[in-house]
Amino acid sequence: MANNIIVLNRGDSYSFNLTIIDENSESGIYNLEGDDAVYLGIMDPHQPVELALVKKKYTVEDLDEAGNLFIEILPEDTVDLFPGIYYYSIKLKIDHTDDDGFEFSGVKTIINNTKFILCD
(Lines give C-alpha, C1' and ligand atoms only; values in the text may rest on other atoms or scores of the structure.)
Protein backbone atom coordinates (compact mmCIF):
# COMPACT_ATOMS: atom_id res chain seq x y z
CA MET A 1 0.00 0.00 0.00
CA ALA A 2 2.53 2.56 -1.19
CA ASN A 3 1.48 6.13 -0.31
CA ASN A 4 -1.74 4.61 1.10
CA ILE A 5 -2.99 3.97 -2.47
CA ILE A 6 -5.11 0.81 -2.62
CA VAL A 7 -5.22 -1.22 -5.85
CA LEU A 8 -7.77 -4.02 -5.77
CA ASN A 9 -9.53 -6.33 -8.20
CA ARG A 10 -13.29 -5.88 -8.15
CA GLY A 11 -14.89 -8.42 -5.80
CA ASP A 12 -11.64 -9.31 -3.98
CA SER A 13 -11.06 -9.09 -0.24
CA TYR A 14 -8.55 -6.66 1.26
CA SER A 15 -7.61 -5.78 4.83
CA PHE A 16 -5.01 -3.74 6.64
CA ASN A 17 -4.16 -2.85 10.21
CA LEU A 18 -4.98 0.78 10.95
CA THR A 19 -2.64 2.49 13.41
CA ILE A 20 -3.72 5.96 14.50
CA ILE A 21 -0.80 8.17 15.47
CA ASP A 22 -1.28 10.27 18.61
CA GLU A 23 1.72 12.40 19.54
CA ASN A 24 0.09 13.28 22.87
CA SER A 25 -0.06 9.72 24.20
CA GLU A 26 2.82 7.93 25.90
CA SER A 27 2.83 5.15 23.32
CA GLY A 28 2.39 7.51 20.35
CA ILE A 29 -0.67 5.52 19.26
CA TYR A 30 -4.34 6.38 19.75
CA ASN A 31 -6.43 3.52 21.12
CA LEU A 32 -10.18 3.47 20.55
CA GLU A 33 -12.28 3.67 23.68
CA GLY A 34 -15.83 4.44 24.77
CA ASP A 35 -18.05 5.36 21.84
CA ASP A 36 -15.15 6.24 19.52
CA ALA A 37 -15.69 5.16 15.91
CA VAL A 38 -13.58 4.89 12.76
CA TYR A 39 -15.34 5.48 9.45
CA LEU A 40 -14.20 4.37 5.99
CA GLY A 41 -15.79 5.79 2.87
CA ILE A 42 -15.07 4.89 -0.76
CA MET A 43 -16.23 7.62 -3.11
CA ASP A 44 -16.30 8.75 -6.72
CA PRO A 45 -13.90 11.64 -7.41
CA HIS A 46 -15.19 14.89 -5.88
CA GLN A 47 -17.94 13.05 -3.98
CA PRO A 48 -18.28 13.95 -0.28
CA VAL A 49 -17.63 11.17 2.22
CA GLU A 50 -21.22 11.53 3.48
CA LEU A 51 -22.40 10.21 0.08
CA ALA A 52 -19.79 7.44 -0.18
CA LEU A 53 -20.59 4.42 -2.34
CA VAL A 54 -19.13 2.15 0.35
CA LYS A 55 -19.45 3.07 4.03
CA LYS A 56 -17.99 1.14 6.95
CA LYS A 57 -17.94 1.83 10.68
CA TYR A 58 -15.57 0.30 13.25
CA THR A 59 -15.83 0.59 17.04
CA VAL A 60 -14.11 -0.78 20.13
CA GLU A 61 -16.01 -4.02 19.54
CA ASP A 62 -14.09 -4.53 16.28
CA LEU A 63 -10.65 -4.53 17.92
CA ASP A 64 -8.82 -7.87 18.05
CA GLU A 65 -7.45 -9.37 21.28
CA ALA A 66 -4.27 -7.28 20.99
CA GLY A 67 -6.23 -4.03 20.47
CA ASN A 68 -5.55 -3.82 16.72
CA LEU A 69 -8.12 -2.49 14.27
CA PHE A 70 -8.23 -4.17 10.88
CA ILE A 71 -10.03 -2.33 8.10
CA GLU A 72 -11.70 -4.88 5.83
CA ILE A 73 -13.01 -4.48 2.33
CA LEU A 74 -15.18 -7.46 1.48
CA PRO A 75 -16.10 -8.82 -1.96
CA GLU A 76 -19.66 -7.49 -1.69
CA ASP A 77 -18.29 -3.97 -1.12
CA THR A 78 -16.81 -3.67 -4.63
CA VAL A 79 -18.35 -6.38 -6.82
CA ASP A 80 -21.03 -4.02 -8.19
CA LEU A 81 -18.70 -1.04 -8.75
CA PHE A 82 -17.27 -0.29 -12.18
CA PRO A 83 -13.50 -0.59 -12.60
CA GLY A 84 -11.82 2.80 -12.31
CA ILE A 85 -10.34 5.33 -9.96
CA TYR A 86 -12.19 6.04 -6.74
CA TYR A 87 -11.02 7.70 -3.54
CA TYR A 88 -11.24 6.60 0.07
CA SER A 89 -11.11 8.48 3.33
CA ILE A 90 -10.80 7.33 6.93
CA LYS A 91 -12.04 9.48 9.80
CA LEU A 92 -11.96 9.05 13.56
CA LYS A 93 -14.89 10.28 15.64
CA ILE A 94 -13.76 10.68 19.23
CA ASP A 95 -16.48 10.33 21.85
CA HIS A 96 -15.49 9.11 25.30
CA THR A 97 -14.92 10.15 28.91
CA ASP A 98 -11.62 9.44 30.69
CA ASP A 99 -11.22 8.10 34.25
CA ASP A 100 -11.16 11.66 35.64
CA GLY A 101 -14.51 12.51 34.03
CA PHE A 102 -13.01 14.65 31.26
CA GLU A 103 -15.03 14.35 28.05
CA PHE A 104 -13.34 13.99 24.67
CA SER A 105 -15.16 14.60 21.40
CA GLY A 106 -14.35 15.63 17.86
CA VAL A 107 -13.53 14.35 14.39
CA LYS A 108 -10.04 13.76 13.00
CA THR A 109 -9.21 12.78 9.43
CA ILE A 110 -6.76 9.87 9.47
CA ILE A 111 -6.43 9.35 5.68
CA ASN A 112 -7.82 12.05 3.40
CA ASN A 113 -9.11 11.34 -0.13
CA THR A 114 -6.52 8.86 -1.32
CA LYS A 115 -6.73 6.85 -4.54
CA PHE A 116 -8.59 3.56 -4.50
CA ILE A 117 -8.04 1.89 -7.88
CA LEU A 118 -10.49 -0.84 -8.78
CA CYS A 119 -9.44 -3.27 -11.51
CA ASP A 120 -11.64 -5.74 -13.37
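Residues 24 or more positions apart account for 64% of the contacts (heavy atoms within 4.5 Å) in the protein with a separation of 6 or more. The model is predicted: local features need pLDDT of at least 70, side-chain atom pairs count only at pLDDT 80 or more, and totals for chains, interfaces and linings use all residues. Residues are numbered from 1 along each chain as its sequence is written, and side-chain values use heavy atoms, with hydrogens and water left out.

The protein has one helix and nine strands. These are DSSP runs numbered from the N terminus (helices H or I, at least four residues; strands E, at least two). Their order from the N terminus is β-β-β-β-β-β-β-α-β-β. Of the 120 residues, 30% count as buried, that is, under 20% relative accessible area with a 1.4 Å probe and protein chains only.

Asp-36 sits in the loop between strand S4 (29-30) and strand S5 (37-43). Asp-36 is buried yet has no salt bridge (a side-chain nitrogen of Lys or Arg within 4 Å of a carboxyl oxygen of Asp or Glu). The nearest side chain of opposite charge, Lys-93, is 7.9 Å away; Lys and Arg count as positive, Asp and Glu as negative, and His and the chain ends are not counted. The side chain of Asp-36 reaches the backbone nitrogen of Asp-95 at 2.7 Å. Leaving aside neighbours within four places in sequence, Asp-36 is in contact with several residues, including Tyr-30, Tyr-58, Lys-93 and His-96.

Key:
Buried means under 20% relative accessible area, exposed over 50%, partly exposed in between (1.4 Å probe, protein chains only). A polar contact is a pair of N or O atoms within 3.5 Å; within protein, one must be able to donate a hydrogen and the other to accept it, and residues adjacent in sequence count only if both atoms are side-chain atoms.
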